Amino acid sequence: MTAALLTGHGGLEKLEVRDDVPVPTPGPGEVLIKVAAAGVNNTDINTRIGWYSKTVRTETSAGGAQGFESLDDDDASWSGTALSFPRIQGADCCGRIVAVGDGVSGDRIGERVLVRNMLRSHVDYRPWECWTFGSECDGGFAQYARAPARETYKVECDWSDVELASVPCAYSTAELLVDRAQVRKGDHVLVTGASGGVGSAAIQLAKRRGATVTAIAGAGKAEALRALGADRVAPRGDRLADHLPAGSVDAVLDVVAGPGFPDLLNALRRGGRYAVAGAIGGPLVELDVRTLYLKDLSFFGCTFQEDEIFENLIGYIERGEIRPNVSSTYPLARIVDAQQEFLSKRTGGKIVLTIPE
């Protein structure tokens, strides 16, 4: 089959598209999926360049194209354990089941499905443990992928395969942020990185719960974000205090961190909630601990997902409560071009790879 192989941590040269990769065979409790489309995510870039290693202290973009000169491979994955190569990445996977392993009903063949990106089967459903599809095991950047049957969800809707492939990683991360931050009707929510996949999903999911949303993004993307539901857009690079009074926000949903972190805490009211699932602006921040305890703030790190997070998304899709936000598509053979556009941050929404028949 054709697949994009990650051959090691480093620059874009570590991505190799080949057409002689063996088709995987589903094992007991697994299904084989003919992949139709697979979204591109920050975690693909971060894993390729080894950004998760504690030796890296800068934002993703600093090594996005060329990687990092100094890197400790032993902790360069999100889980903190060394990856084995070559690896087929791709946390997002939309396709149809074409074969099943022992213990899986043949009636599932033909289902159009999404794979849960945070897999728990491989760790026996232990709390706070999971694998990422396309990181600890092969993922969706290939013509075929295998996945645990119980974590492969049938979806019935009128969305295209490309639209469905924009959901798993970005929307599950956003739903986790919204859930952990306890967003509810009447809240004022601040979303960083709002034009990206997670940010634009967070806008929709916070609005779905009845919140008012202020989004931070490039000034040229304001109209698109308002169309997704944002009530206000604060241009990235502006002083946040020029757009939001101090103490006016109930919850911050952050994927940026970096030098703007103190401004986010300043915007929170007393008793406010801060939830984070990324640090594209830089992993090291300045925290005045007095702000944390004198304002009685709650902090939530967001990675592990309980089962209901992804199950909620399937329901939202089938009931028409969210909508996809795809900016562009590329064939799998142009995965390098897709990642270069992703790193440019010129466009908003998701970039999706289409997989050849």
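Trainee: Is Asp161 buried, exposed or partly exposed?

Mentor: Relative accessible area decides: buried means under 20%, exposed means over 50%, and partly exposed lies in between (1.4 Å probe, protein chains only). Asp161 has a relative accessible area of 29%, so Asp161 is partly exposed. This is a predicted model, in which local features need pLDDT of at least 70 and side-chain atom pairs count only at pLDDT 80 or more, while totals for chains, interfaces and linings use all residues. Residues are numbered from 1 along each chain as its sequence is written, and side-chain values use heavy atoms, leaving out hydrogens and water.

Trainee: Which residue forms a salt bridge with Asp161?

Mentor: Side chains of opposite charge can pair when their charged atoms come close. A salt bridge here is a side-chain nitrogen of Lys or Arg within 4 Å of a carboxyl oxygen of Asp or Glu. Asp161 pairs with Arg112, with the closest N and O atoms 2.8 Å apart. Arg112 is in strand β6 and Asp161 in helix α2, so the bridge ties together parts 49 residues apart in sequence. Those elements are DSSP runs numbered from the N terminus: helices are H or I with at least four residues, strands E with at least two. Arg112 is at 12% relative accessibility and therefore counts as buried.

Trainee: How many salt bridges does the structure hold?

Mentor: There are 23. One of them joins Glu321 and Arg208, whose closest N and O atoms are 2.8 Å apart. That pair links distant parts of the chain, with Glu321 in the loop between α8 and β17 and Arg208 in helix α4, 113 residues apart. Glu321 is partly exposed at 33%, and Arg208 is partly exposed at 34%. Salt bridges that share partners also join Arg116, Arg120, Glu151, Glu306 and Asp307 into one network.

Trainee: What about backbone geometry?

Mentor: Most residues other than glycine have a negative phi, and most peptide bonds are trans. Phe85 and Pro86 are joined by a cis peptide bond, with omega about 0 degrees; Pro86 lies in the loop between α1 and β4. Trp128, not a glycine, has a positive phi of about 65 degrees. Trp128 is placed in the loop between β7 and β8 and is exposed, with a relative accessible area of 64%. Gln182 also has a positive phi, near 55 degrees, and is found in the loop between α3 and β11.

Trainee: Which residues line the second largest pocket nearest its centre?

Mentor: Work on a 1 Å grid over the protein atoms alone, with points where a 1.4 Å probe fits: a pocket is an open set with protein on both sides within 12 Å along at least five of seven lines, and lining residues have an atom within 4 Å of a point. Here 17 residues form the lining, and Pro24, Cys137, Asp138, Gly139 and Arg146 lie nearest the centre. The space is about 240 Å³, where volume is the space filled by probe spheres set on the points. Strand β9 gives the most to the lining, four residues. The lining divides into twelve nonpolar, two polar and three charged residues; Ala, Val, Leu, Ile, Met, Phe, Trp, Tyr, Cys and Pro count as nonpolar, Asp, Glu, Lys and Arg as charged, and the others, Gly among them, as polar.
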